[in-house]
Each structure stands twice: as C-alpha cells, then as structure tokens.
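Here are my notes for your first look at this entry. Keep the sequence and the 3D view open as you read.

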Amino acid sequence: MNNIQGGVFQQDNARPHTAVITQHALQSVDVLPWPDRSPDLSPIEYVWDIIGRQLQRHPQPALTVPVLTDQVQQAWNSIPQTDSRHPMQARLHACIQNSAGYTGY
C-alpha cells in the first residue's frame, strides 16, 4: 500500500471491507468514516450497473478476457455524461428526504 501515499479511501462497510485482514491492510491509509448499513451513494456503482445491463444485452457474449475488455470499454464509452448525473441527484434527494433511511435504490 505504500504506492498510494496521500490517498484517502472510502469503503461502505461491506463484510469483506470489515474483515480483520482488510482492516490490518488499511492501518496506514486514511479511510473516511462511513455509517453501517448506509445507502450506496457511489456514482461508480450506478455506472457499473449501466455497463452490466449493456453487456447482458450484447448479441455476442464475451468468451475471452480481451473480448470482455473490449465490450466493457465500448459500453463505458457509450454512456452519455447526462445519464450518469441525473440518477445520482435522484438518489441523493431520496436519501435526504428519508433521513438516510431506506430509499429503494
């Protein structure tokens, strides 16, 4: 982890992130606090969902890593910026309206 000095990480307290070995590895890294069972407000999760849906609809399933890499890159490049911003605003609004409780996302 020495090559990431100066970085600040955030994790969502998922079970693998709270494992003893993970906590040990992160001892020398700044990790932002995150409440237990908090809603997932990470924009990358939404983007990965878009990519996953595009891959599921792809006419030719990837049978090799290079083909999958190419399909993911194509899906990534096809996402308009506006598509990734609006749903995050809706998530944040729902989270605020429900006092960080269940939002349906």
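1. How many helices and strands does the protein chain have? There are five helices and two strands. Here helices are DSSP runs of H or I with at least four residues, and strands are runs of E with at least two, numbered from the N terminus. The order from the N terminus on is β-α-α-β-α-α-α.

2. This is a predicted model: local features need pLDDT of at least 70, side-chain atom pairs count only at pLDDT 80 or more, and totals for chains, interfaces and linings use all residues. Residues are numbered from 1 along each chain as its sequence is written, and side-chain values use heavy atoms, leaving out hydrogens and water.

3. Check the confidence. The pLDDT is the predictor's confidence in each residue, from 0 to 100. Its mean for the protein chain is 78, and 77% of the residues reach 70 or more. Among the elements, helix α4 (residues 65-77) has the highest mean, 94. Helix α5 (residues 81-97) has the lowest, 72.

4. Now burial. Of the 105 residues in the protein chain, 16% count as buried. Buried means under 20% relative accessible area, exposed over 50%, and partly exposed in between (1.4 Å probe, protein chains only).

5. Look at helix α3 (residues 43-57). Its buried residues are Tyr46, Val47, Ile50 and Ile51. They cover an arc of only 140° around the axis, so they sit on the same side of α3. The arc is taken from the directions from the helix axis to the C-beta atoms.

6. Isoleucine 44 also belongs to α3. This residue is partly exposed, with a relative accessible area of 35%.
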